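Dear colleague,

Please find below the structure that I am handing over to you. My notes on its cavities, salt bridges and selected residues follow it.

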Amino acid sequence: MKTKKGLYWAIFIAALGSVLFGVNMAAISGAVSFIKEVFVLNDTELGLVVSSMIAGCLIGAFTIGTISDKIGRRKALIIAAVLFTISALGSGAAQSSIHLMIARLIGGIAVGAVSVVVPTYISELTPPVIRGTMGTMNQLGIVVGILIAYVIDFCVVEMHDGWRYMLYSPIIFAIPFLLLTIFSFPESPRWSVMKGDLISARKVLNRIVDITEAESELKEIQNSLKVSTTNTTRVTLSDLFKGNMGKVLVIGILLAAFQQITGINAIIAYAPTIFEKTGVGGDTALLQSILVGIINFIFTLVAVWLIDKVGRKQLLLWGAAGMILFLSYITFSFYIGDVNGLGVFISILGFIAFFAASFAPVMWVVTSEIYPNKIRGLAMSVSTAISWVCTLLVVQFFPFMLGGMGGGFTFGFFLVFSVLAFLFTLIRIPETKGKSLEQIQEELGLVD
């Protein structure tokens, strides 16, 4: 299938939302110690400040599916862009921990929204032969954002009130994202067909593939949705639990949960703090965080290269195996009380590498593929919201676990769930490589 430049431009704009996801999640890592000192916070209060964004993510993820199914993917991302802008300005100017938590909550709503809408949009827009590769653009955008946040943190850490500039940094991308989604971003053709707007759907398809292929794709979408130009049946939450859909929803929920409960966002948000526990602090810890971001980026590119070659399931299995290996070393090192700073640092990089090449991008790809067209937005909201619940719990309690229970218990917790993630993938995850969304729907028994 021949694709056009319009496809890649639309995915680039969508992935800019993912960049904002990454910048917002990681920018606070370099500011944590300053925030704790300036606002005089204990570990629990610091956890609330950091996790307030995750609470917002939960709200955004759970509500945006229904909203995007009603108003469209494009308008949903415009709303997210506005919230990103408000959050960046409010976070950088915060005069109290309460103000900072409110601003981060708003930013979290935007992050939660893009975490649902961007992978959904990409999967709905992209032809099957490259959908896996294009789907990883979501995760690539996230890790680029994380790396940019780490670099900004390092560059401004010595400046007066440098931590405020760290929190202002998302504005660099929020304004361009807002302008591009308003003026240069096409609507999802599958959403347009779902709403009976065949003219708009055909127009977008003609921009991304050849005309003959566009007509074939349009007919396939129509058949899968079984709608006419006047049928706009509303999807309810109860629809997700009917027949085989309930089983598929559980697969998506558990995969999303395992992506987070294995500890990635705790490591991303508290990387300098973890390195300080190994005897490294200050600028060196921030510099090591940059290396974490670089490894994250490089191995996301590995996933981009492999996902449509070896398939989703194999990447998940190899990724989980590598995560288990490196988490075992970290857990053992902390447990025996003989923490080798270099060894732990290398193991964290190894964990990041295997995670970035597997669960990080593949979760978003698989969950956006396995849900039927008609309920994809709402189903993605539910599974992604569960993911954010796990993230909220991990990020909120990580400082307490690390400080009160020690690194052995904390990383052992992540290790146990990495083992469970491997077993779950082996037994329950279907292979979706090279299949149309409609074909996947049929194979999973979701066609009436």
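Helices in these notes are DSSP runs of H or I with at least four residues, strands are DSSP runs of E with at least two, and both are numbered from the N terminus. The model is a predicted one, in which local features need pLDDT of at least 70, side-chain atom pairs count only at pLDDT 80 or more, and totals for chains, interfaces and linings use all residues. Residues are numbered from 1 along each chain as its sequence is written, and side-chain values use heavy atoms, with hydrogens and water left out.

Individual positions

Thr384 lies in helix H19 (residues 376-428). With a relative accessibility of 0%, Thr384 counts as buried; here buried means under 20% relative accessible area, exposed means over 50%, and partly exposed is in between (1.4 Å probe, protein chains only). Apart from neighbours within four places in sequence, Thr384 is in contact with Ala61, Ser115, Val116 and Trp364, where contact means heavy atoms within 4.5 Å.

Gly72 sits in the loop between helix H3 (43-71) and H4. Gly72 is also buried, at 0% relative accessibility. Once neighbours within four places in sequence are set aside, Gly72 is in contact with Ile67, Glu187 and Trp191.

Salt bridges

A search of the whole structure gives eight salt bridges, a salt bridge being a side-chain nitrogen of Lys or Arg within 4 Å of a carboxyl oxygen of Asp or Glu.

One of them joins the side chains of Arg73 and Glu124, at 2.7 Å from N to O. This pair links distant parts of the chain, with Arg73 in helix H4 and Glu124 in helix H5 (residues 97-125), 51 residues apart. Arg73 and Glu124 are both buried.

Another is formed by Arg312 and Glu369, whose closest N and O atoms are 2.6 Å apart. Here too distant parts of the chain are linked: Arg312 belongs to helix H16 (residues 312-336) and Glu369 to helix H18, 57 residues apart. Arg312 is buried, with a relative accessible area of 0%, and Glu369 counts as buried at 1% relative accessibility.

Arg312 also takes part in a network of salt bridges with Arg131, Asp308 and Glu369. The side chains of Arg312 and Asp308 are joined by a polar contact of 2.9 Å. A polar contact is a pair of N or O atoms within 3.5 Å; within protein, one must be able to donate a hydrogen and the other to accept it, and residues adjacent in sequence count only if both atoms are side-chain atoms. Not counting residues up to four places away in sequence, Arg312 touches Arg131, Gly132, Ile307, Val362, Val365, Val366, Glu369, Glu431, Thr432 and Lys433.

A further salt bridge brings together the side chains of Glu443 and Lys435, at 2.8 Å from N to O. Glu443 is partly exposed, at 48% relative accessibility, whereas Lys435 is buried, at 19%.

Cavities

How many cavities of 30 Å³ or more does the structure hold? There are five. On a 1 Å grid over the protein atoms alone, a cavity is a set of points where a 1.4 Å probe fits but cannot get out, and lining residues have an atom within 4 Å of a point. Grid points are joined across faces, edges and corners, and a volume is the space filled by probe spheres set on the points.

The largest cavity contains about 150 Å³ of space. Its lining consists of 15 residues, and Gln139, Ile142, Ile264, Asn265 and Phe355 lie nearest its centre. Helices H1 (5-26), H6 (128-156), H12 (244-261), H13 (264-269) and H18 (359-370) are the elements that give two or more residues to this lining. H6 contributes the most, with four residues. By type, the lining has ten nonpolar residues, five polar and no charged; Ala, Val, Leu, Ile, Met, Phe, Trp, Tyr, Cys and Pro count as nonpolar, Asp, Glu, Lys and Arg as charged, and the others, Gly among them, as polar.

The second largest cavity contains about 70 Å³ of space. Residues lining it include Asn24, Met53, Ser87, Arg104 and Leu167. Helix H4 (residues 73-92) gives the most to this lining, with three residues. The lining of the second largest cavity comprises six nonpolar residues, three polar and one charged.

With kind regards

How values were computed:
1 Å grid on protein atoms, 1.4 Å probe; cavity = no way out; pocket = protein on both sides within 12 Å on 5 of 7 lines; lining within 4 Å.
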